[in-house]
Amino acid sequence: QLKQMLTKFMRADYNWPQASSAERFTLEEVLQGIRANQFEPFFQPKVEFKTGQIVGAEALARWIHPEQGVISPYGFIPLLEQSGEIDKLTFLILEKSVAACRSFHDRGCIFSISINLSPNSLDDTTLADKITQVVRNAGIDPRYIILEITESAAMTDVAHALENLVRLGMNGFILSIDDYGTGYSSMQQLTRIAFSELKIDQSFVKDFADNEALRIMVKSSIDMAHELQIKIVAEGVETQQEWDLLKNMGCDMAQGYLIAKPMNLISFVEFCMGYRLRM
Ligand code: C2E
Ligand code: MG
Ligand code: MG
Ligand code: MG
């Protein structure tokens, strides 16, 4: 039973859910889709509890497949990671996201955009410079770009990963720990790199309304983050009850279906225009 409970908190990075047969692709098909420009970021808003305002959005990769419709990351990211081709997607998503960010800023909407970095990408010591170049070319200040790193990625003692993260931090990017609570030695990690945001994994928020142990863990994480001057985001907020509990616990931001699902750029802009402060 304990094992069952623990596996619930394990990071799914290298143990992604099996894609349905309709969604099983070959690497060549995925690369072909990238060449055909069929990938784009969807955006999911991040809302601040205190003000109810949208403060940013996470860019989440989608494959708009001509026959099979919108394909989730589980259908292509594992293939790209295993084959060492993930950077093609990383930079495609980064470029489209900073372009979107630019157009938001031009319209007076000062949002941050969050980008997911794959653990594998951090092995390449030129990554930090390449990312910085793309963002500067778009005329965006790196402090509006949040780079999300899953704990497992940040965990490895690989010098290259640390070097990249330190350099990205020095270049002004905001570093965020994704899926917090599902990895290991997370505490130590917080002491080595200047992370400014922590995203508590949705497995903690799911069912936490009627699970006291989960609520205690979430509350402790919020308090710890605040002691370290780190902002904390709750992922997977689906109900008003979860919103209210997190708000009372002092959580900084929420992301989840209660606010909105990830949307394509046009729907995201429409959503923002019709958005009314959530309290
Ligand atoms: P993540 O970074 O932890 O992103 C959050 C995931 O939770 C997203 O799944 C989002 O759609 C989902 N989500 C948000 N709110 C809710 C909710 O209220 N309920 C539920 N059940 N789910 C919610 P998605 O878009 O399928 O992405 C899955 C993972 O794929 C991401 O997890 C991230 O690790 C990875 N990923 C997505 N885009 C990229 C990318 O461009 N590059 C890399 N390297 N990884 C990516
Ligand atoms: Mg993320
Ligand atoms: Mg993640
Ligand atoms: Mg996450």
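1. Ala, Val, Leu, Ile, Met, Phe, Trp, Tyr, Cys and Pro are counted here as nonpolar, Asp, Glu, Lys and Arg as charged, and the others, Gly among them, as polar. On that basis, the shell around ligand 1 in this predicted model divides into 11 nonpolar, 6 polar and 8 charged residues.

2. Of the 25 residues around ligand 1, those that come nearest are R62, N116, D178, E238 and Y257. Strand 2 gives the largest share of the shell, 4 residues.

3. As for polar contacts, an oxygen atom of ligand 1 lies 2.9 Å from a polar side-chain atom of R62, and an N or O atom in the side chain of D178 is 2.8 Å from an oxygen atom of the ligand. For D179, the corresponding distance from a side-chain N or O atom to an oxygen atom of ligand 1 is 3.0 Å. The protein covers 89% of the 800 Å² of accessible area that ligand 1 has on its own.

4. D178 in strand 6 and E235 in the loop between strand 8 and helix 11 are 57 residues apart, so that the pair links distant parts of the chain.

5. Are D178 and E235 buried or exposed? D178 is buried, because its relative accessible area is 5%, and E235 likewise counts as buried at 8% relative accessibility, the cut-off being under 20%.

How values were computed: Residues numbered from 1 in each chain as written. Chains lettered and ligands numbered in written order. Predicted model: local features only at pLDDT ≥ 70, side-chain atom pairs only at ≥ 80, totals over all residues. Heavy atoms only, no water. Near = heavy atom within 4 Å. Polar contact = N/O pair within 3.5 Å; in protein donor to acceptor, adjacent residues only side chain to side chain. Areas by Shrake-Rupley, 256 points an atom, 1.4 Å probe, with all protein chains shown as cover. Helix = DSSP H or I, 4+ residues; strand = E, 2+ residues; numbered from the N terminus. Buried < 20%, exposed > 50% of the residue type's maximum accessible area, 1.4 Å probe, protein only.
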